[in-house]
Amino acid sequence: MDDEPALRLSPACRHDVPEIAALARDRLPEMTHLHDPAWHLTSQRFGQGNFPRDQLFLVLHAVLDDGREELVGFVWVDPAMATDHGVEEPWWCINALAVAEPYAHQGLGASLVASVEKRARDVGVVSLYGQSYEASADFWRKCGYSLTGLGGVIASQGPVPVPGREPNVVALNAEPHLHYFVKQVPESQGVRLMRAQYES
């Protein structure tokens, strides 16, 4: 783009939902739940990442010459292992990242990831992880993430409390057509999530 508009990063809120859903339909066609505005309004995903068990949903707006703003990117992060499995470790899952096509390949995706990493560091998150298609694998490598092979495994560095059981090592298997990506947050303390030992 010739005249770069000013950009504004902020936590997502309800009035962003129509643009978030539209951008997800365009850029994340496989994540169909994100395409439905009603899902966003009922799923309580709009946290500000104020503590490790909080959701974090950031939106990036371009401020146009006439003062209007358009949503050009978003990133959605949550404590998925705590939410889905009761594992209380300070790990955040990067569930979705999207940048509008006219703004792609300008570093905005990496900037959104860096914003997540800063917030994670501020609140004591230990590990960031998520799943990636092959087409996005190089992006995550360039952001400093370690990737498993397709269908690979990430696991806790040591035993963690698991509801209803003795503490144990937690392992996550990626879907066969996806990689896991994982990165450690510097200076944070706790059991880390790593590529499994047998991953090359």
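**Aromatic pairs.** I searched the whole structure and found 8 aromatic pairs. I counted rings of Phe, Tyr and Trp (its six-membered ring) as paired if their centres lie within 6.5 Å; planes under 30 degrees apart are stacked, over 60 edge-to-face, the rest tilted. I looked up W39 and W76, an edge-to-face pair with 5.4 Å centre to centre and 70° between the planes. W39 sits in helix α2 (residues 37-42) and W76 in strand β3, so this pair ties together parts 37 residues apart in sequence. Helices (H or I, at least four residues) and strands (E, at least two) are DSSP runs, numbered from the N terminus.

Are these two buried or exposed? W39 is buried at 19% relative accessible area, and W76 is buried at 4%. Buried means under 20% relative accessible area, exposed over 50%, partly exposed in between (1.4 Å probe, protein chains only).

Next I checked Y129 and Y180, a tilted pair with 6.3 Å centre to centre and 50° between the planes. Y129 is in strand β5 and Y180 in strand β11, so the pair ties together parts 51 residues apart in sequence. Both are buried. I also noted a cluster of F139, W140, Y145 and F181, linked by ring pairs.

**Ground rules.** The model is predicted: local features need pLDDT of at least 70, side-chain atom pairs count only at pLDDT 80 or more, and totals for chains, interfaces and linings use all residues. Residues are numbered from 1 along each chain as its sequence is written, and side-chain values use heavy atoms, with hydrogens and water left out.

**Largest pocket.** I counted 43 lining residues, of which L28, L97, Q131, S136 and W140 lie nearest the centre. A pocket is an open set of points on a 1 Å grid over the protein atoms alone, where a 1.4 Å probe fits, with protein on both sides within 12 Å along at least five of seven lines; lining residues have an atom within 4 Å of a point. Which element gives the most to the lining? Strand β4 does, with 7 residues.

**Strands.** I found an open sheet of 3 strands in the order β10-β7-β12, with antiparallel pairing. Strands pair if DSSP finds at least two bridges between them. β10 (171-173) and β12 (193-195) stand at the edges with a single partner each, so one side of each lacks a neighbour in the sheet. I traced 3 bridges from β7 (residues 153-156) to β10. A155 stands opposite A171 there.
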